[in-house]
Amino acid sequence: MKLSNSYIGLPEEFYQVVNPTPVKNPKTLIFNEDLADSLGIKLGNEEVVNFFSGNDLLEDSVPIALNYAGHQFGNFVPQLGDGRAVLLGEINNKDGTYDLQLKGSGKTMFSRQGDGRSALGPVIREYILSEAMYYLGVPTSRALAAVATGEHVARETFEPGGVLTRIAKSHLRVGTFEYFASRQQLNDVKILADFAIQRHYPEIRETEKHYLELLKRVASNQSKLVSKWMSIGFIHGVMNTDNFTISGETIDYGPCAFLDEYHPGKVFSSIDQNGRYAFGNQPSIASWNLASLAGCLIAFIDKDSDKANELATEVLDNFSKETNQKILDLMCEKIGLNGGKKENQTLLRKLLKIMMDNEADYTITFRSLSKVLFEDSDEFFNQFSEKKEINAWLNNWKQALKNEYKDLSKLTDRLNRINPVYIPRNHQVQLAIDLAYENDFSKMLEMIEVFKNPFKEVSEYVSYSRAPLEKEKIRRTYCGT
Ligand code: AMP
Ligand code: MG
């Protein structure tokens, strides 16, 4: 397994070379064999636990902590950086270059008041959630390994510690640009932009306005990402600019959560007191984050600052329009209809309104549409305490389908390939963590298996398709840092 590290070629201020801090008694909880295979990683058990706990260094590894800043909840923090993570290096395979990063691996010069560690709970959470997102078809960082450290970390109480190994297309964020731009280090911004283009969008290198093109590409990938989130009911929870990638992948699974009952104002994160990152706000926050990136790149977009502003504004306006349309397209697909038609959009909005009023479960409602298409389905009707409106809606929906399709028989399969039956529900994830804290990892391992096939119903996994009972509901999630 050969590691390279292209970040090392960047100026000194971009990173700190720092080794992970060894841990006392590491134990591998899970190693992602499928992902390892696809990356060409072949290691024995001993090597896995030693490398992915940070106790040993892979050959050629020059571990670094990356420097970045970021807007957290709208406020600019000029100095953040990898305070509890180190990038071991990069792996190149046929699909491209991937960062290999340990999270929870000890202090770096960016740790500020933190201990550089992670509790096991957030490690398990990120493993389950990021892998589930991957199998749901959402661009995301992935989890290669979860290791228990055999040490404790002080949080609200003492908790077992863990290290997650994550794989991502890169760890460049809007916050990385903001670090240099806020210090007026424009040459460094340019170096970073060139590096980002080389890494993610090499095809734009030769275009005339490649920094504007960079902004457009990030906008386009983030637009795809956020619309996917909306279509599966994912709430990131901390869309700070330091968690907003240049690659367009989901990173930083902190207080994130999936919707149970639908409400656009839904917030889980304990630290998001004003609902800045509520479910329905995600597209406009993405636009806000892109505006921050545009601000960093503005001097390179055009020499004439008015012209540069005009061009950047156009990108942001297009982002909002395109994202709204993409969300409509994906959401209309969930009901088997074409999102380009106004009457279908109206039907979709009506359904969402009824779902909101009835506190209908997001995943179950859409999934059971394929059942209610041809027969009555309790699963579907149980979501609605007020039946009159939803019955009227169903009639209109079926009429719209008949107008669009000659033959409805294939629609069941099609809907079932779009609407998942299994999502990592908060109460299930929390249960897996609670059991892991009692040294029972069976639930965690089972969940990881279940979410590998989120669209295929398996009778023994029925508990994962159920909505939480009132008493099981998790209403708050935490960063766990
Ligand atoms: P996050 O909320 O995970 O995106 O982290 C925000 C910032 O806090 C990043 O700079 C992290 O590196 C830093 N951070 C979070 N937890 C810790 C910790 N336990 N020790 C040191 N730094 C941390
Ligand atoms: Mg972060």
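Guide: Let's begin with a term: a residue is buried when its relative accessible area is under 20%, exposed when that is over 50%, and partly exposed in between (1.4 Å probe, protein chains only). Before we apply it, some ground rules. This is a predicted model, in which local features need pLDDT of at least 70 and side-chain atom pairs count only at pLDDT 80 or more, while totals for chains, interfaces and linings use all residues; side-chain values use heavy atoms, leaving out hydrogens and water. Residues are numbered from 1 along each chain as its sequence is written, chains are lettered from A, and ligands are numbered from 1 in the order in which they are written.

Visitor: Then let me try the term: is His-236 buried or exposed?

Guide: His-236 has a relative accessible area of 1%, so it is buried. You will find His-236 in the loop between strand E11 (234–235) and E12; helices (H or I, at least four residues) and strands (E, at least two) are DSSP runs, numbered from the N terminus. The side chain of His-236 also reaches the backbone oxygen of Asp-252, at 3.3 Å. That is a polar contact, a pair of N or O atoms within 3.5 Å; within protein, one must be able to donate a hydrogen and the other to accept it, and residues adjacent in sequence count only if both atoms are side-chain atoms.

Visitor: Let's turn to the metal. Which residues coordinate the magnesium ion?

Guide: A donor is an N, O or S atom within 2.8 Å of the metal (3.2 Å for Na, K and Ca), and sites may look incomplete because water is not among the atoms. Here the magnesium ion, ligand 2, is coordinated by Asn-243 through OD1 and by Asp-252 through OD, at 1.8 to 2.1 Å. Asn-243 and Asp-252 are both buried.

Visitor: And how many residues surround ligand 1?

Guide: Count a residue as near when one of its heavy atoms lies within 4 Å. Ligand 1 has 18 residues around it, and the closest are Gly-81, Gly-83, Arg-84, Gly-116 and Asp-252. The shell divides into 2 nonpolar, 8 polar and 8 charged residues. In that scheme Ala, Val, Leu, Ile, Met, Phe, Trp, Tyr, Cys and Pro are nonpolar, Asp, Glu, Lys and Arg are charged, and the others, Gly among them, are polar.

Visitor: Which atoms of Gly-81 lie 2.6 Å from an oxygen atom of ligand 1?

Guide: For Gly-81 it is a backbone N or O atom. Gly-83 likewise has a backbone N or O atom 2.7 Å from an oxygen atom of the ligand. Taken alone, ligand 1 exposes 480 Å², and the protein buries 88% of that, with areas from the Shrake-Rupley method using a 1.4 Å probe; for residues, only the protein chains shown count as cover.

Visitor: How do I read aromatic rings, and how many aromatic pairs does the whole structure hold?

Guide: A pair is described by the distance of the ring centres and the angle of the planes. Rings of Phe, Tyr and Trp (its six-membered ring) pair if their centres lie within 6.5 Å; planes under 30 degrees apart are stacked, over 60 edge-to-face, and the rest tilted. The search finds 20 aromatic pairs. The ring centres of Phe-31 and Phe-52 are 6.0 Å apart and the planes meet at 15°, so this pair is stacked. It links distant parts of the chain, 21 residues apart: Phe-31 is in strand E2 (residues 27–31), Phe-52 in the loop between helix H2 (45–51) and strand E3 (64–66). Both Phe-31 and Phe-52 are buried. Tyr-262 and Tyr-362 are also stacked, at 5.5 Å centre to centre and 20° between the planes. Tyr-262 is in the loop between strand E12 (257–258) and helix H7 (282–301), and Tyr-362 in helix H10 (residues 362–372), so the pair ties together parts 100 residues apart in sequence. Trp-229, Phe-234, Tyr-253 and Phe-258 form one aromatic cluster.

Visitor: Last topic: the backbone. What is the phi of Gln-184?

Guide: Most residues other than glycine have a negative phi. Gln-184, not a glycine, has a positive phi of about 60°. It sits in the loop between helix H4 (174–182) and helix H5 (186–200), and at 62% relative accessibility Gln-184 counts as exposed. Phe-73 has a positive phi too, of about 50°, in the loop between strand E4 (70–72) and strand E5 (75–77). At 25% relative accessibility, Phe-73 is partly exposed.
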